[in-house]
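Please open the model in a viewer and keep the selection tool at hand. The stops below are to be visited in turn.

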Amino acid sequence: MVTASVPRLVVAAPSSGSGKTTVATGLMAALAARGLAVSPHKVGPDYIDPGYHALATGRTGRNLDAYLCGPELVEPLFLHGARGCDIAVIEGVMGLYDGAAGEGELASTAHVAKLLRAPVVLVVDASAQSRSVAALVHGFVSFDPDVRVGGVILNKVGSDRHEAMLREALDAVGVPVLGALRRAAPVQTPSRHLGLVPVAERGSAAVDAVGAMAALVSDGCDLEGLVGLARGAGALGGAAWDAGEVHRFSPPPPLPVPNLGAAAPRPPLRPGRPRPQTPDGLKVAVAGGAAFTFSYAEHAELLTAAGAEVVVFDPLRDEELPEGTRGLVIGGGFPEVYVSELSANEGLRKSVAELALGGAPVAAECAGLLYLGRELDGLPMCGVLDASARMSGRLTLGYRDCVALTDSPLAVAGTRMRGHEFHRTLVEPGAGATPAWGMRTPERRVEGFVEGGVHASYLHTHWAAEPSVARRFVERCRAS
């Protein structure tokens, strides 16, 4: 057990859209520019903000999700990411007290702040208020006495006079104002149907945006006061998560598999061409590039710790899988934005199909599911799964509690995991003859596909919650 004292603070807000990402990313970049090693973190399942955090700090952006991973893993995963750092900045999710639906404080920013015993800086959109800001901040300070709101940053302040009125109103609350930011167009980042446009798609524009955020925070915030607040967080008494260490432990016993209406199993996938063997290591190819930007860093770390050589490839550019690939992981992203380019890369689509149809382990989440289907928005995809996908006008969003319905390259039947759905596409059918998951919440339904060595689903999961997933996947790669 190692006691670690990592200076840290949480950047939170009363609601989404208040400016958390601008302030958190700008603060990370501003502190890094001062020579500090900054550890960036994001509360919740979001994949996009950590990309901006990584650009700001030069370190991997990591998620802290008390629903996906369980409250007990928040501190170990935090310490893992913060190794060797001078300070950690944790960006919250939604409003400070908003958590998993129907689960109280679980997975809220406030919950994570309490688990890490970290002070909170509240970012308030002050654009349409003056004295009322005091009532707002007072309410957030007093709502939960165990959450320490150590300061306020006023965002979208209109003028010097407006700032003076806000500061005067907040004097009575007793919470220090640690910054006041003017409205500034350069820090705006473009959005689309699932939030901000990822860093990987923006290139130099993302670099410029992060630079503008850093300048805004440096000019408008009390950096010394923020660092002092972070240094007052005190020590954490737990041990850091370690990808190699967790592989020593056996998975929990599986749950009884519920009867959720799964159809009879379909015939196995047709065989493909033999796969080349890897003389110098067991290679697992992981999709990357602009179309597949959604992944948790711990997945690659777990695969590596289990004995795999992780090789990243870009489905938009690479015409075939890396030589010697024995397993394939295709995470989330925006294939619908790049559907023409993905479809035009016929060589890679055939390479993926040959690997999958030959029985190699393939794990696909959300965007990966779409890529493995027959077509997406009418254009050919890999054709591994007998399913078609299209954009829809409906947003599917939320945490899911699920159980594996059948043995697969990822899990034995009965393995319980928690996941997250976030998409505006529709796959028809929504489940194969042998579904991947049975949802325990919010409704009892089946979802996804298990066919041959393929496990494909809309569900995003965090493998740190169940490391046996990575270990089993690598073992299947070795045996296939």
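Select Ala-107 to begin: with a relative accessibility of 4%, this residue counts as buried, because the term covers values under 20% relative accessible area, while exposed means over 50% and partly exposed in between (1.4 Å probe, protein chains only). Ala-107 sits in the loop that links strand 4 (87-91) to helix 4 (109-115). Helices (H or I, at least four residues) and strands (E, at least two) are DSSP runs, numbered from the N terminus. The phi angle of Ala-107 is near 70 degrees, a positive value in a residue other than glycine. Most residues other than glycine have a negative phi, and most peptide bonds are trans.

This is a predicted model, in which local features need pLDDT of at least 70 and side-chain atom pairs count only at pLDDT 80 or more, whereas totals for chains, interfaces and linings use all residues. Residues are numbered from 1 along each chain as its sequence is written, and side-chain values use heavy atoms, with hydrogens and water left out.

Proceed to Arg-117, in the loop between helix 4 and strand 5 (120-125). Its phi is near 50 degrees, again positive in a residue other than glycine. Is Arg-117 buried or partly exposed? At 44% relative accessibility, Arg-117 counts as partly exposed.

Next, select Glu-428 and Pro-429. The peptide bond from Glu-428 to Pro-429 is cis, with omega near -5 degrees. Pro-429 belongs to the loop between strand 17 (416-428) and strand 18 (437-441).

Seven of them form an open sheet with parallel pairing, in the order 3-2-4-1-5-6-7; two strands pair if DSSP finds at least two bridges between them. Strand 3 (62-64) and strand 7 (177-182) are the edge strands, each pairing on one side only. From one strand to the next, the twist averages 25 degrees. Strand 2 (residues 38-43) runs parallel to strand 3 and is joined to it by three bridges. To see a bridge partner, select Val-43 together with Leu-64 in strand 3.

Across this region, select helix 3 (residues 74-81). Helix 3 lies across strand 1 (8-12), strand 2, strand 3 and strand 4, and runs at about 160 degrees to strand 3. Axes are lines fitted to C-alpha atoms, for helices over the stretch in contact, and angles run from 0 to 180 degrees between N-to-C directions.

Then show helix 1 (residues 20-33) with helix 8 (residues 204-220). Their axes come within 7 Å and cross at roughly 85 degrees. Helix 1 and helix 8 are therefore roughly perpendicular to each other, a label for angles of 65 to 115 degrees, where under 35 is roughly parallel, over 145 roughly antiparallel and the rest oblique. Residues of helix 1 including Thr-21, Val-23 and Leu-27 meet residues of helix 8, among them Val-210, Met-213 and Leu-216; contact means heavy atoms within 4.5 Å.

Select His-162 in helix 6 (residues 160-171). At 12% relative accessibility, His-162 counts as buried. Not counting residues up to four places away in sequence, His-162 touches Ala-126, Ser-127, Gln-129, Lys-156 and Val-157.

Finally, select Cys-402 and Cys-477. Cys-402 counts as buried at 0% relative accessibility, and Cys-477 counts as buried at 0% as well. How many disulfides are there? The count comes to zero, where a disulfide is a pair of cysteine sulfur atoms within 2.5 Å.
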